[in-house]
Amino acid sequence: MIDDLYSARLLKLAANMPRAGRLAVPHGTSEKVAKLCGSRVVVDVVLDGDRVADFAQDVKACALGQAAAAVLGTYVVGASLSEIEMARDAFRAMLKDGADAPVGRFSDLSMLAPVKDYPARHASTLLAFEATVDAVHQALARTSPAGAA
């Protein structure tokens, strides 16, 4: 069963982190830590309107957290907050309730479906999405007319 969890595809994805690093002047930044294992993700975003125009992430996590962050980093540019939130919510439901995998731009998260059998890994696997949602909320507050006042 552990071989299903750590597939060659998942390990390859985790080893090739897209958009690794930090942005010089982000609109929003968020750091999330999984208390159980100490995994940590810092996400920076720049928005164009309500869509992610630039993105960087500093990921210190297990292979599962890295793989989820790699999927996010591959597809997040161009995504709106609602798309990211829907993907996060579907991803959480897939892990916690065995629901269907997210659809659309983040459908590659389906490879992480076996993580549902390892509740101790759920928090670290969700970290990058949690941090991104938070960073986009911060960016929207800073860049919106109401947030700039």
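The following chat walks through a predicted model of one chain, from its overall layout to single residues.

Trainee: Before we start, what should I know about the numbering and the model?
Mentor: Residues are numbered from 1 along each chain as its sequence is written, and side-chain values use heavy atoms, with hydrogens and water left out. This is a predicted model, in which local features need pLDDT of at least 70 and side-chain atom pairs count only at pLDDT 80 or more, while totals for chains, interfaces and linings use all residues.

Trainee: OK, how many helices and strands does the chain have?
Mentor: The chain has six helices and three strands, where helices (H or I, at least four residues) and strands (E, at least two) are DSSP runs numbered from the N terminus. Read from the N terminus on, the order of elements is α-α-β-β-β-α-α-α-α.

Trainee: And what share of the residues is buried?
Mentor: Of the 149 residues in the chain, 42% are buried, and here buried means under 20% relative accessible area, exposed means over 50%, and partly exposed lies in between, with a 1.4 Å probe and protein chains only. As for contacts (heavy atoms within 4.5 Å), among those between residues at least 6 apart in sequence, 62% join residues at least 24 apart.

Trainee: Let's go to the helices. How do H3 and H5 pack?
Mentor: Helix H3 (residues 63–75) and helix H5 (residues 122–143) pack at an angle of about 35°, with their axes 6 Å apart. The axes are lines fitted to C-alpha atoms, for helices over the stretch in contact, and the angles run from 0 to 180 degrees between N-to-C directions.

Trainee: Which residues make that contact?
Mentor: On the H3 side they are Leu-64, Gly-65, Ala-68, Ala-69 and Leu-72, and on the H5 side Ser-124, Thr-125, Ala-128, Phe-129 and Thr-132. By class, this contact of H3 with H5 has six nonpolar, four polar and no charged residues; Ala, Val, Leu, Ile, Met, Phe, Trp, Tyr, Cys and Pro count as nonpolar, Asp, Glu, Lys and Arg as charged, and the others, Gly among them, as polar.

Trainee: Take Thr-132, then. What does Thr-132 touch?
Mentor: Not counting residues up to four places away in sequence, Thr-132 touches Val-43, Phe-55, Leu-72, Val-76 and Ile-84. Thr-132 is in helix H5 and, at 0% relative accessibility, counts as buried.

Trainee: And Leu-64, on the other helix: buried or exposed?
Mentor: Leu-64, which lies in helix H3, is buried, with a relative accessible area of 0%. The C-alpha atoms of Leu-64 and Val-115 are separated by 8.1 Å, although the two residues are 51 residues apart along the chain.

Trainee: Switching topic, how many residues are in the largest nonpolar core?
Mentor: That core has 39 residues, and those with the most contacts inside it are Ile-84, Phe-91, Phe-106, Leu-109, Leu-112 and Phe-129. A nonpolar core is a set of buried Ala, Val, Leu, Ile, Met, Phe, Trp, Tyr and Cys residues joined through side-chain atoms within 4.5 Å.

Trainee: Which element supplies the largest share of this core?
Mentor: H5 does, with nine residues, while strand S2 (40–48), strand S3 (51–60), H3, helix H4 (81–97) and H5 each supply at least two.

Trainee: How many aromatic pairs turn up?
Mentor: A search of the whole structure finds two, where rings of Phe, Tyr and Trp (its six-membered ring) pair if their centres lie within 6.5 Å, and planes under 30 degrees apart count as stacked, over 60 as edge-to-face and the rest as tilted. The ring centres of Phe-91 and Phe-129 are 5.7 Å apart with the planes at 65°, so this pair is edge-to-face. Since Phe-91 lies in helix H4 and Phe-129 in helix H5, the pair ties together parts that are 38 residues apart in sequence.

Trainee: And the other one?
Mentor: Phe-106 and Phe-129 also form an edge-to-face pair, at 5.4 Å centre to centre and 80° between the planes. Phe-106 sits in the loop between H4 and H5, 23 residues from Phe-129 in helix H5. Phe-91, Phe-106 and Phe-129 form one aromatic cluster; Phe-106 counts as buried at 1% relative accessibility, and Phe-129 is buried at 0%.

Trainee: Last one: what is the phi of Arg-19?
Mentor: Arg-19 has a positive phi of about 60° although it is not a glycine. Arg-19 lies in the loop between helix H2 (8–15) and strand S1 (28–33), and at 35% relative accessibility it counts as partly exposed.
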